[in-house]
Amino acid sequence: MAKLNDNYLKLKAGYLFPEIARRVKAFSDSDPDAAAEIIRCGIGDVTEPLPAAAREAMKAAIDELGKRETFRGYGPEQGYDFLRAAIAEGDYRGRGVEVADDEIFVSDGSKCDTGNILDIFGPGNTIAITDPVYPVYVDTNVMAGNTGEADEAGAYAGIHYMPCTADNGFVPAIPEGKVDLIYLCYPNNPTGATATKGQLAAWVEYARGNGAIILYDAAYQAFVQDGSLPRSIYEVDGARECAIEFRSFSKNGGFTGVRCAFTVVPKELLAETAAGEKKPLHPLWARRQSTKFNSVSYPVQRAAEALYSADGKAQIAALIDHYMGNAKLLREACAGLGLDVYGGENAPYVWVACPPGIDSWGMFDKMLGEAKVVVTPGAGFGAAGEGFFRISAFNSRANVGTVCDRLRTIV
Ligand code: MLT
C-alpha cells in the first residue's frame with residue numbers, strides 16, 4: 001500500500017483559523033438570530049475595498065490579454081521584471097537598502113512562501129520559533145519532518161521555542177545554544193510587538209556567528225508608524241548574509257483575496273551541503289520556484305506594480321490609517337476596561353491579557369457568546385499565548401465602534 005506522510009499525523013487539532021471558523025459556524029447554526037450580529041475580528045482579513053490604482057491596472061491588464069497583439073501566456077516563474085523592479089526600488093533601494101531586482105521572487109502569499117522555503121533546507125536543522133507564533137511556521141516544520149511528537153501542551157519535540165512575554169516586550173532572548181533556522185516576525189503577528197534595529201542587529205550577529213539563517217516575516221511592515229523602527233531586516237548591516245525576508249501585499253494593499261507577495265533571497269546567503277561545502281541558496285529557491293510554481297497571474301502582478309505609483313502609495317497610506325485608527329480605538333477600549341493591552345501601535349493586531357479567571361479559549365467563547373465578536377485565543381498561537389486574546393483591527397470603523405461598545409458590556 002502507498003505510504004502517507006506520517007509527519008502529518010503528528011499535527012495537533014486543525015489549523016487555527018479553520019478551527020475558529022468551525023466553532024463560529026456551530027454557534028451560528030445554534031442561534032441564527034445571534035449569527036446575524038457577529039463581527040469578525042479573528043483572522044486578520046482585510047475588509048476595505050481594493051485600492052483604485054490596483055483595480056485600474058488589473059482591468060487594463062485584462063484588456064491587454066483580450067487582444068492578440070498584447071496577449072501573454074506563461075510569465076516568468078520568478079515574477080515579471082516590471083514588478084520585481086518596482087519592489088526592489090520601491091521597498092528597498094528607494095529607502096537606502098541594497099536589494100537587486102533578481103533577488104525578489106514574486107509569489108501568491110507569504111503563508112505559502114514561509115512554508116515552502118523549507119524545501120531548500122536539508123534535514124537535521126535545529127528550528128527556533130517564537131512562542132506565541134503564526135502557526136504556519138510550526139506546522140510546516142512538523143509536516144517536513146523537522147520535529148518529533150507534540151507533548152500535552154502542544155509543544156513539539158525538537159523545536160527550540162523562544163518565549164515572548166510582556167516582560168521581554170515580546171522579543172525573544174538570543175538562544176544560548178546553537179540553532180540553525182530562526183523564524184522572526186516584526187511587526188509581530190500575533191502580539192503586535194515591534195523589534196528595534198538594535199534588537200534585530202543582535203539576531204543578525206548571532207546568526208552570522210553561528211551559521212544560522214533568519215527567516216524574517218515582514219508581512220506587517222507597512223503598519224509601522226514609528227519612523228525609528230526597521231521595516232526590513234536588511235536595514236541591519238550583515239543581514240544579507242544571514243536572512244531571507246518575506247513580504248506580502250495582502251495587508252497593505254488589501255490583496256488577501258487577490259494573492260500576491262514576494263520573498264527576498266540575497267545572493268550572498270549561503271548554507272552548507274551535507275558534505276560541509278558552502279553554497280548559495282538563491283539558485284536553489286529559483287530552481288524550486290521554476291519547478292513547482294508558475295508565479296502569479298499577469299493582471300495581479302500589474303495590480304501589485306500599481307501599488308508603487310503615487311496614487312497607489314496614497315491609497316495604501318489611507319488604508320493603513322484606517323486600520324491603525326481602528327487599532328487605536330480597540331486599544332483604548334480594552335485599556336479603559338482595565339485590561340493589559342499590547343500591540344496595536346505599529347501593527348494591526350491588539351494583544352490583550354484576559355480578565356482574571358478566564359483562559360484564552362474561555363475568552364473566545366465569552367466574546368462570541370456574549371458579545372458576538374470573534375477574536376483569536378492566544379493559546380492558538382502557542383503555549384505562551386495562553387492568558388491572552390488577539391483582536392484584529394481589520395474591519396470597518398462602524399464595526400470597530402460596535403466591538404468597543406460590546407466589550408464594555410461584557411468585561
Ligand atoms: C492572521 O490572522 O494571523 C493572518 O491573517 C493569517 C495569515 O495571514 O495567513
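Trainee: What is the relative accessible area of Arg408?
Mentor: This is a predicted model: local features need pLDDT of at least 70, side-chain atom pairs count only at pLDDT 80 or more, and totals for chains, interfaces and linings use all residues. Residues are numbered from 1 along each chain as its sequence is written, and side-chain values use heavy atoms, with hydrogens and water left out. Buried means under 20% relative accessible area, exposed means over 50%, and partly exposed lies in between (1.4 Å probe, protein chains only). Arg408 is partly exposed, because its relative accessible area is 46%.

Trainee: Which side chain meets Arg408 in a salt bridge?
Mentor: The N to O distance is 3.1 Å. The two partners lie 3 residues apart in helix 12 (residues 397–410), about one turn of the helix. Helices (H or I, at least four residues) and strands (E, at least two) are DSSP runs, numbered from the N terminus. The partner, partly exposed at 48% relative accessibility, is Asp405.

Trainee: How many residues apart are Arg240 and Glu103?
Mentor: Their side chains meet in a salt bridge of 2.6 Å, N to O. Arg240 is in the loop between strand 6 (213–217) and strand 7 (243–248), and Glu103 is in the loop between helix 4 (81–92) and strand 2 (104–107). The pair links distant parts of the chain, and the separation is 137 residues.

Trainee: Are Arg240 and Glu103 buried or exposed?
Mentor: Arg240 has 11% relative accessibility. Glu103 has 2%. Both values fall under 20%, so Arg240 and Glu103 count as buried.

Trainee: How many salt bridges does the structure hold?
Mentor: One of them joins the side chains of Glu89 and Arg93 at 3.3 Å, N to O. Glu89 is partly exposed at 41%, and Arg93 is partly exposed at 33%. The count for the structure is 21.

Trainee: What is the angle between the planes of Phe170 and Tyr342?
Mentor: Rings of Phe, Tyr and Trp (its six-membered ring) pair if their centres lie within 6.5 Å; planes under 30 degrees apart count as stacked, over 60 as edge-to-face and the rest as tilted. By this rule there are 23 aromatic pairs. Phe170 and Tyr342 form an edge-to-face pair, 5.1 Å centre to centre, with planes at 70°.

Trainee: Which parts does the pair of Phe170 and Tyr342 tie together?
Mentor: The two residues are 172 apart in sequence, so the pair ties together separate parts of the chain. Phe170 is buried at 3% relative accessibility, whereas Tyr342 is partly exposed at 25%. The parts are the loop between strand 4 (159–163) and strand 5 (181–185), and strand 11 (residues 341–343).

Trainee: What is the centre to centre distance of Trp351 and Phe388?
Mentor: This pair is stacked, with 10° between the planes. Trp351 is in strand 12 (residues 349–353) and Phe388 is in strand 15 (residues 388–392), 37 residues apart. Both residues are buried. Their centres are separated by 5.2 Å.

Trainee: Which ring lies under Arg302?
Mentor: A charge sits over a ring if NZ of Lys or CZ of Arg is within 6 Å of the ring centre and within 35 degrees of the ring normal. Arg23 lies over the face of Trp361 in this way, at 3.9 Å from the ring centre. For Arg302 the distance is 3.6 Å, and the ring is that of Phe82.

Trainee: What is the phi of Lys372?
Mentor: Most residues other than glycine have a negative phi, and most peptide bonds are trans. Arg259 has a positive phi of about 75° although it is not a glycine. Lys372, in the loop between helix 11 (360–371) and strand 13 (373–374), also has a positive phi, near 55°.

Trainee: What is the omega of the peptide bond from Asn189 to Pro190?
Mentor: The bond from Tyr186 to Pro187 is cis, with omega near -10°. Pro190 is found in the loop between strand 5 and helix 7. The bond from Asn189 to Pro190 is cis, with omega near 20°.

How values were computed. A salt bridge is a side-chain nitrogen of Lys or Arg within 4 Å of a carboxyl oxygen of Asp or Glu.
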